[in-house]
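The model is predicted.

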Amino acid sequence: MRWDNLVEKDSTAGNSVLFAADAVTTRTFDTPEFRGITFHEIRARSILNRVPGASRMPFEWTVNPYRGCTHACVYCFARKTHSYLDLDTGIGFDSQIVVKTNAAELLQRELASRHWRGEHIAMGTNVDCYQRAEGRYRLMPGIITALRDRANPFSILTKGTLILRDLELLRQAAEVTEIGVSVSVGFTDRELWRTVEPGTPSPERRLDVVRALTDAGIGCSVLMAPVIPFLGDRPEQLRATVEAVAEAGAASVTPLVLHLRPGAREWYLHWLGKHHPQLVERYERMYAGGAYAPTWYQRRITRQVHELADEFGVGPAHRGAARRIAQAPPAPAAAPEPGPTQLTLL
């Protein structure tokens with residue numbers, strides 16, 4: 001691994017900017033929830049990450065307390081980041097988890113710097129900060145506390161139900177600053193979920209999180225991501241997902257079509273070849289131009305989801321009514337075709 005030279009025996013390695021040179025501890029835990037998982041505990045040098053200027057992200061700063069993710073989503077765009085540490089981007093990404101054990105204390109210090117301007121901080125945009133490891137390491141309470149104490153705006157994107165453990169801290173933070181919470185639910189198809197997101201809570205449990213946050217007065221949006229071409233994009237699948245999102249009381253729903261960056265692309269196509277070999281050629285054609293699906297396809301999915309959201313009453317204008325769906329209302333008038341809304345969160 002790239003940080004083999006970062007431990008006490010050699011503090012002059014050229015890559016020491018990634019982690020402090022005196023603290024890489026590798027652990028395994030013989031418990032059912034962590035069987036087969038290796039944790040690399042490190043003391044990071046910094047925790048606030050500036051997003052590159054060329055990025056499509058709608059924010060400039062992130063905090064990522066973990067690298068690698070036991071959610072094991074076969075399409076995860078963050079797989080490439082494991083290669084920076086000479087770790088495998090396939091099974092290794094799912095089972096070799098880097099834990100920044102000093103994340104909370106670092107954030108507290110960096111927020112107090114005279115150079116920090118109190119900008120918005122996004123979390124969960126690389127790997128999920130509420131993956132299973134968080135149940136053991138409990139980094140997020142300290143992180144949210146640091147942000148609350150500085151009244152620093154932040155947002156969280158997650159597929160994890162563990163966020164409800166920190167509900168009271170989120171409420172406290174919302175009293176002093178602007179916060180945003182989004183839950184990722186790309187589909188409600190259970191067979192598809194079991195194969196492409198094997199380490200995540202079920203879509204139903206994630207929608208329970210939306211419901212609980214909404215009931216607690218914390219507006220929660222759903223990132224309908226990813227919409228997976230040819231596997232999760234049939235009209236009846238989109239309809240079922242948007243209806244379930246509406247019934248959970250989500251503040252909004254935003255569809256994002258699957259994108260395949262280097263690292264994720266190879267692993268996803270390997271999975272596709274094993275489980276749906278008849279689709280490989282179609283994917284190669286669809287993604288021949290790069291990481292993103294064609295604009296016409298993105299627009300089609302966006303239009304369909306927006307029309308369904310209007311039909312089922314998802315959004316601020318309908319908040320509170322969505323759960324009382326008795327029957328489908330009349331179809332809304334056709335709206336102008338939206339432009340692409342593709343982001344790079346998932």
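## Arginine 239 and glutamate 311

Arginine 239 and glutamate 311 form a salt bridge through their side chains, with an N to O distance of 2.8 Å. The bridge links distant parts of the chain: arginine 239 belongs to helix α9 (residues 235–247) and glutamate 311 to helix α12 (residues 295–312), and the two residues are 72 residues apart.

Arginine 239 has a relative accessible area of 33% and is partly exposed. Glutamate 311, at 12%, is buried.

## Other salt bridges

The model has 14 salt bridges in total. Among them is the one between the side chains of aspartate 94 and arginine 79, at 2.9 Å from N to O. Aspartate 94 sits in helix α2 (residues 91–95), whereas arginine 79 lies in the loop between β5 (66–67) and α1 (80–83); the pair is 15 residues apart and links distant parts of the chain. Aspartate 94 is buried, with a relative accessibility of 12%. Arginine 79 is buried as well, with a value of 0%.

A further salt bridge joins the side chains of arginine 165 and glutamate 134, with 2.7 Å between N and O. Here too distant parts of the chain are linked: arginine 165 is in the loop between β8 (154–158) and α6 (167–176), and glutamate 134 is in helix α4 (residues 133–137), 31 residues apart. Arginine 165 is partly exposed, at 27% relative accessible area, while glutamate 134 is buried, at 0%. This pair is part of a network of salt bridges that links Glu134, Arg165 and Asp166.

## Serine 184

Serine 184 is located in strand β9 (residues 179–184). Its relative accessibility is 0%, so serine 184 counts as buried. The side chain of serine 184 comes to 3.0 Å from the backbone oxygen of alanine 225.

## The two sides of helix α3

Which residues of helix α3 (residues 103–111) are buried? They are Ala103, Leu106, Leu107, Glu110 and Leu111. These residues lie on the same side of α3, because they cover an arc of only 125° around the axis. Gln108 and Arg109, on the other side of α3, are exposed.

Several elements contribute to the cover over the buried residues of α3. The strands among them include β2 (38–44), β3 (48–50), β4 (61–63), β6 (96–100) and β7 (121–123). Helix α5 (140–149) is also part of the cover.

## Cysteines without a disulfide

How many disulfides does the structure hold? The count is zero. Cysteine 69 is in no disulfide, and the nearest cysteine sulfur, in cysteine 73, is 6.4 Å away. A disulfide requires the two sulfur atoms to be within 2.5 Å. Cysteine 69 is buried, at 5% relative accessible area.

For cysteine 129, the closest cysteine sulfur is that of cysteine 69, and the 9.6 Å between the two sulfurs is too far for a bond. Cysteine 129 counts as buried, with a relative accessibility of 1%.

Conventions:
Residues numbered from 1 in each chain as written. Predicted model: local features only at pLDDT ≥ 70, side-chain atom pairs only at ≥ 80, totals over all residues. Heavy atoms only, no water. Salt bridge = Lys/Arg side-chain N within 4 Å of Asp/Glu carboxyl O. Helix = DSSP H or I, 4+ residues; strand = E, 2+ residues; numbered from the N terminus. Buried < 20%, exposed > 50% of the residue type's maximum accessible area, 1.4 Å probe, protein only. Polar contact = N/O pair within 3.5 Å; in protein donor to acceptor, adjacent residues only side chain to side chain. Arc of directions from axis to C-beta. Contact = heavy atoms within 4.5 Å.
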